[in-house]
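Biologist: I have a new model on screen. Please show me how to read it, one feature at a time.

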Amino acid sequence: MYKQSVRGGLARSTFCLVRFGFHLTVFPLFQLILLSCALALTLAAPPAPLTKRSPQGGPDAEATVVAQDQIINEGGSYAYNYETSNGIKARQTSDNGVSANGEYSFLAPDGTSYSVVYVADENGFQPQGAHLPTEPPAPEHVIKLLEDLRANPPSDPEFDLASLDATLARLRATQG
């Protein structure tokens, strides 16, 4: 059965499938084509251009490398350093290609100079700098607890005494 009606100024065609007990409402063909075109144009529109913070690119946009050295050895060891015209300096060395130590410095937009010295090894990236936060002093009772554990280590084969010693040394250093 086919039926066409006009409600609120919008013509709709309704197909009644009486045998299956439901109605299917379909927009007229021209409305479907119009909707498809609008969707296609929306999806095909080019993305909005990325905007820079400043039209000129800022004071660092024209920075150039003024010095650069690098050494890469077959055994995996390496060393590099570079300096740019805007005050960035970096240096890094490695004896095995896995762990490294180095330093870098730069000038902030307000003119403040920042320097970081670091070690990167099996314990992760460990930076140090006057501007970086430091670990607060460990509470005395925590150090006492770890010292007691050190004096009476558990019999668990997974227990790592060297790790406990390293943790104790680090926490003792925070106490001044």
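**Strands and a pocket**

Modeller: Start with a pair of strands: β6 (residues 89-94) and β7 (residues 100-107) run antiparallel and share 5 bridges. Strands here are DSSP runs of E, at least two residues long, numbered from the N terminus. Two strands pair if DSSP finds at least two bridges between them. This is a predicted model: local features need pLDDT of at least 70, side-chain atom pairs count only at pLDDT 80 or more, and totals for chains, interfaces and linings use all residues. Residues are numbered from 1 along each chain as its sequence is written, and side-chain values use heavy atoms, without hydrogens and water.

Biologist: Which residue is the bridge partner of Arg91 in β7?

Modeller: Glu103 is the partner of Arg91. In the hairpin of β6 and β7, 5 residues lie between the strands, and Gly97 has a positive phi near 80°.

Biologist: How many bridges join β7 to β8?

Modeller: β7 and β8 are antiparallel, with 8 bridges. Ser105 stands opposite Ser115 in β8. This hairpin also has a turn glycine: Gly111, with a positive phi of about 95°.

Biologist: How do I find empty space?

Modeller: Rolling a probe the size of a water molecule over the atoms shows where empty space is left. A pocket is an open set of points on a 1 Å grid over the protein atoms alone, where a 1.4 Å probe fits, with protein on both sides within 12 Å along at least five of seven lines; lining residues have an atom within 4 Å of a point. The largest pocket is lined by 14 residues, including Gln126 and Thr134.

Biologist: Where does the largest pocket lie?

Modeller: Domain 1 (65-128) and domain 2 (140-174) both contribute lining residues, so the largest pocket lies between them. The domain bounds come from an automatic or database assignment.

Key:
Helices (H or I, at least four residues) and strands (E, at least two) are DSSP runs, numbered from the N terminus.
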